[in-house]
Amino acid sequence: MTQTQKILVTGATGTVGRQVVAELLDRGHEVRALTRDAAKASFPARVELVEGDLTEPDGLAPALAGVTGLHLITFGGAASSPLETGPRILEIARSAGVRRVTVLHGGGPTPLEDAVRAADGVDWTVLMPVEFMANALEWADGIVTNGEVREPFVERLSAMVHEGDIGAVAAVALTREGHGGQEYVITGPEVLTVADKVRTIAAAVGREITLVELTEAEAVAQWRAAGLPEDVIGFLLMVYGNTPEEGRTVSGTVEKITGRPARTFAGWAAEHAELFEGRS
Ligand SMILES: NC(=O)c1ccc[n+]([C@@H]2O[C@H](COP(=O)([O-])OP(=O)(O)OC[C@H]3O[C@@H](n4cnc5c(N)ncnc54)[C@H](OP(=O)(O)O)[C@@H]3O)[C@@H](O)[C@H]2O)c1
């Protein structure tokens, strides 16, 4: 039996943070969720919503008062630039009595993650998820409108992870002993190609979906038209064209840490089927 603990979740309105909140609640813990704009956020009533900005750490003291654990993101602000405020956030957290910190790795070294790793007196855990299953939501418009997915590198392999499993690993690391000083590569239970994923969504929605393979140049043009910044386009070309080994290897972390098998993409597709059917 784990004692009830109170955890501050930053990035709580985001893809991963929302799942960290849900998994903590599922385990009976109390959650304080940070957002820059409470009017736009919606959470279950038992979540305590607090306003704060990670670029202004001195304003975070009330949000950190009385919590034992802190989940952090590494980026912030309009341009999603790397947060430089880690040392001050950790200092305030430590004096507030925070004992455990998780940080969502941002795909490379960041000043905030460095500050977490350097923090004395807290048990920190770096969460290193591979590709999120939620990235497939980018295909929803094309599937609803034309019944097609347009992607480059269709044979690339990915051990994509369900966002709920990232949340589950975070929830355990934030509330139980034994995860301090660890980096966890978090993956799903299987390695899939883009074609496998498209077939899985087609089965979930019960309709045919055509996979149109784009050349690299066509993909770049599509991403530019969608407004992606050049550095993100460069990153996508790098990871899609040459996925690192950990991105295409099942790690087993989810089962090891949470005691439950990692969730499948078929399950994820069934949960989100209505978005691919245009019903929501
Ligand atoms: N997509 C992938 O496949 C993948 C794989 C591995 C790792 N990652 C990493 O995952 C991260 C993205 O996570 P996500 O998708 O969960 O994020 P997201 O859905 O884009 O959400 C962003 C969150 O950041 C919060 N935020 C932004 N600036 C803030 C600030 N100045 N102060 C406080 N909160 C702030 C937002 O809160 P409010 O707007 O409510 O304030 C929101 O909750 C990136 O670091 C990325 O590198 C992504």
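Tutor: Two strands count as paired if DSSP finds at least two bridges between them. Keep in mind that this model is predicted.

Student: In which sense do strand 9 and strand 11 pair?

Tutor: The cut-off is at least two bridges. Strand 9 and strand 11 (residues 210-213) have four bridges. One of the bridged residues is valine 149, whose partner in strand 11 is leucine 211. The sense of the strand 9 and strand 11 pairing is parallel.

Student: Which side chains of strand 9 point to the buried face?

Tutor: Side chains alternate along strand 9.

Student: What is the strand order of the open sheet?

Tutor: Seven strands form this sheet, and their pairing is parallel. Its edge strands, each pairing on one side only, are strand 3 (48-51) and strand 10 (182-186). Neighbouring strands are turned by 20° against each other on average, direction ignored. The order is 3-2-1-4-7-8-10.

Student: Which residue of strand 8 stands opposite leucine 104?

Tutor: Strand 7 (residues 100-104) and strand 8 (residues 123-129) run parallel. Five bridges join strand 7 to strand 8. Opposite leucine 104 stands leucine 127.

Student: Which element gives the most residues to the shell around the ligand?

Tutor: The ligand is surrounded by 28 residues, and the closest are Gly14, Thr35, Arg36, Gly76 and Gly106. By class, the shell holds ten nonpolar, 14 polar and four charged residues. Helix 1 (15-26), strand 2 (30-35) and strand 5 (75-76) each supply at least two. With three residues, the element that gives the most is helix 1.

Student: How far apart are the end C-alpha atoms of residues 11-107?

Tutor: The UniProt record, an unreviewed entry, places the feature "domain: NAD(P)-binding" at residues 11-107. Over this stretch the chain is 28% helix and 24% strand. The end C-alpha atoms are separated by 16 Å.

Student: Is valine 161 buried or exposed?

Tutor: Valine 161 lies in the loop between strand 9 and helix 6. A residue needs 20 or more other C-beta atoms within 10 Å to count as buried. Valine 161 has 29 other C-beta atoms within 10 Å, so valine 161 is buried.

Student: Why does phenylalanine 153 count as partly exposed?

Tutor: Phenylalanine 153 sits in the loop between strand 9 (148-151) and helix 6. Its phi is near 50°, a positive value in a residue other than glycine. Phenylalanine 153 is partly exposed because its count inside 10 Å is 19.

Student: What distance does helix 6 reach from its first C-alpha to its last?

Tutor: Helix 6 (residues 163-175) has 13 residues. The helix is mostly covered, with 13 of its 13 residues buried. At 1.5 Å a residue, 18 Å is expected. The reach is close to that, at 19 Å.

Student: What separates the C-alpha atoms of leucine 236 and tryptophan 223?

Tutor: Leucine 236 belongs to helix 9 (residues 230-241). Leucine 236 is partly exposed because 16 other C-beta atoms lie within 10 Å. Along the chain, leucine 236 and tryptophan 223 are 13 residues apart. Their C-alpha atoms are separated by 9.7 Å.

Definitions and conventions: Residues are numbered from 1 along each chain as its sequence is written. This is a predicted model: local features need pLDDT of at least 70, side-chain atom pairs count only at pLDDT 80 or more; totals for chains, interfaces and linings use all residues. The expected span of a helix is 1.5 Å times one less than its number of residues. A residue is buried if 20 or more other C-beta atoms lie within 10 Å of its own, exposed if 12 or fewer, and partly exposed in between; C-beta atoms are placed from the backbone. Axes are lines fitted to C-alpha atoms, for helices over the stretch in contact, and angles run from 0 to 180 degrees between N-to-C directions. A residue is near a molecule or strand if its C-beta atom, placed from the backbone, lies within 6 Å of it. Ala, Val, Leu, Ile, Met, Phe, Trp, Tyr, Cys and Pro count as nonpolar, Asp, Glu, Lys and Arg as charged, and the others, Gly among them, as polar. UniProt positions are given in the numbering used here, feature names are shortened, and annotations may be inferred rather than shown by experiment.
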